[in-house]
Structure formats: structure tokens, C-alpha cells
Amino acid sequence: MPDAIVRLIGWVALLIHGDPSVLDRWLWVRRHLQKGDHRTFDAGCGNGAFSIYAARSGNEVLAASYSEVKQEDLRRRAAILEVDGIELRTLDLRMLDEHRGDLGVFDQIICLETIEHVTADEELVTALAAMLEAGGRLLLSTPFDGHRPLYLEERNPTPVEDGFHVRYGYSPRRLRQLAENAGLEVASEAFISGVVSQKLINVMRRLTRRIGFAGAWLLVLPLRTLVVFDAPLTRLLRYPYLSVALVGVKRG
């Protein structure tokens, strides 16, 4: 993403520049993230949109990613937006147990669209839960195993951890089981990204192959306003959602 877009329209650029489902995830996070003086771990922070949002909400944030490039992008964009309170760590979440003592404990953890990339998903969720204070919250989302394949998406992904998905998705029951096995009490469950968002993703991916990302983004941008119809149309058509999510609370 060009930094000029961040300078032009601010933090919201991080929500609307890439995959249309990022905005959907933010709308869910906004309902559940505790604002104010809380220590928050963004596990797999991606472009940093949620780390910056948490910091803007008053949180002390530790943002972790395996990608040094993404970490540098986040550092630069936080500076452009004059957002303080974000500590950056380059680390592999598969090795999280080795870093827990150094990272400390948190009031809340964000882990969005990450566990589907990791073979040892149960170990990762357990490690995240162990990093929570008593009463702390894990905000977790991942693809729904009942979603329809997106354009270019494989229904049977490779089990090799190469940065892509190692599994197609999770049922709400399986996601709840992961949280409960880690000692968390499930306080809230939801689906994210319905039919409109998924169709926009497909259009954007098809256009990107033909005219490049910048042109595809510009053409799809006006269509993003259609997401206001996402929930009612998804219910009406009984269309399967793209992602499943939950909030797990650590028992005292």
C-alpha cells in the first residue's frame, strides 16, 4: 500500500486497501475489543490495521509477525498516523512457547485468520491462552469450513507450512473445542463476511489478474458500499459465511 494513501485518508486506508473482508473483521473486533488501559497482543498482525486500532483505542500493544517487511511497514505507518503505544516483535508464532517469558501477559489477544496457517493449531491456541491474565480475552477468527471456495482457493490445501493455508477451515464446534481445551470459556460466537464481501473478493481477485492490483482496487472501491446489504442478503440467500469467530475468556 502506498504511504500516500495513508497520509490522504488516514487509518481507514488500512481497512479498505486490501481484501474486503478486513473491514468485516474490524467491525467484529470493534464490538469486542476492550478500549482504554489494557495490554493487547496482536498475534499475526499483518498490515497492522488492528494493532493501530487498538493503540488508538488506548491499548498498550505488542504486534507480532514473522515478516520483517510487514513490521517495518507497520512502524512507518504508525509514525505517519502519529500513533504511539505499539511495540513490534518479529517472531514465528509456531515458536511462541519459547518467547512467552519475554513477552509477558496480556489483558486481551487478537489472533485473526492465522491458525489456519499453522499445523499445530491447538498448541498455538493453548500458548495464547496461557499468555492471558485471569479474565483476559482471546479474539479469534479463522475461515469457516462450510464456506464456498473463493476464486483461486483450493478446497484441499497443502499440509505444508509454506505461508498458505494448511486447512480449509473450521466449524464453530471445532473452534469452540480449541478454545475450551485451552482453558477458555466461550463468551461470544459469530460468523464474519457474507455473500457481498465474498463476491467482492472474487471480483477483485479476477480483476487483479487482468489489470493489476491498483486498477482492481480502484474499480472495486465504490462497490464496497454494498456491504451494508451483506448481513440481510446472506440471511435471505442462506449463503455460507467466510469466517467463524469467537471471544474466549480465561477462567480465573
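Reader: Is S197 buried or exposed?
Author: The relative accessible area of S197 is 0%. Buried means under 20%, exposed means over 50%, and partly exposed lies in between, with a 1.4 Å probe and protein chains only. So S197 is buried.

Reader: What kind of model is this?
Author: Residues are numbered from 1 along each chain as its sequence is written, and side-chain values use heavy atoms, leaving out hydrogens and water. Local features need pLDDT of at least 70, side-chain atom pairs count only at pLDDT 80 or more, and totals for chains, interfaces and linings use all residues, as the model is predicted.

Reader: Which residues does S197 touch, leaving out those up to four places away in sequence?
Author: S197 lies in helix α9, residues 195-211. Helices (H or I, at least four residues) and strands (E, at least two) are DSSP runs numbered from the N terminus. Contact means heavy atoms within 4.5 Å. Good, now the list: S197 touches P20, D24, V227 and D230.

Reader: How far is the C-alpha atom of S21 from that of H117?
Author: S21 lies in helix α3, residues 21-32, and is buried at 1% relative accessibility. H117 is 96 residues away along the chain, and the separation of the two C-alpha atoms is 17 Å.

Reader: Which strands stand at the edges of the sheet?
Author: The open sheet has seven strands in the order β3-β2-β1-β4-β5-β7-β6, with mixed pairing; two strands pair if DSSP finds at least two bridges between them. An edge strand has a single partner, so one side of it is left without a neighbour in the sheet. Those strands are β3 (86-90) and β6 (184-192).

Reader: Which residue of β3 is the bridge partner of V61?
Author: Strand β2, residues 60-65, runs parallel to β3, and five bridges join them. In β3, the partner of V61 is I86.

Reader: At about what angle does helix α5 run to β3?
Author: Helix α5, residues 68-80, lies across β2 and β3. Axes are lines fitted to C-alpha atoms, for helices over the stretch in contact, and angles between N-to-C directions run from 0 to 180 degrees. For α5 and β3, the angle is about 165°.
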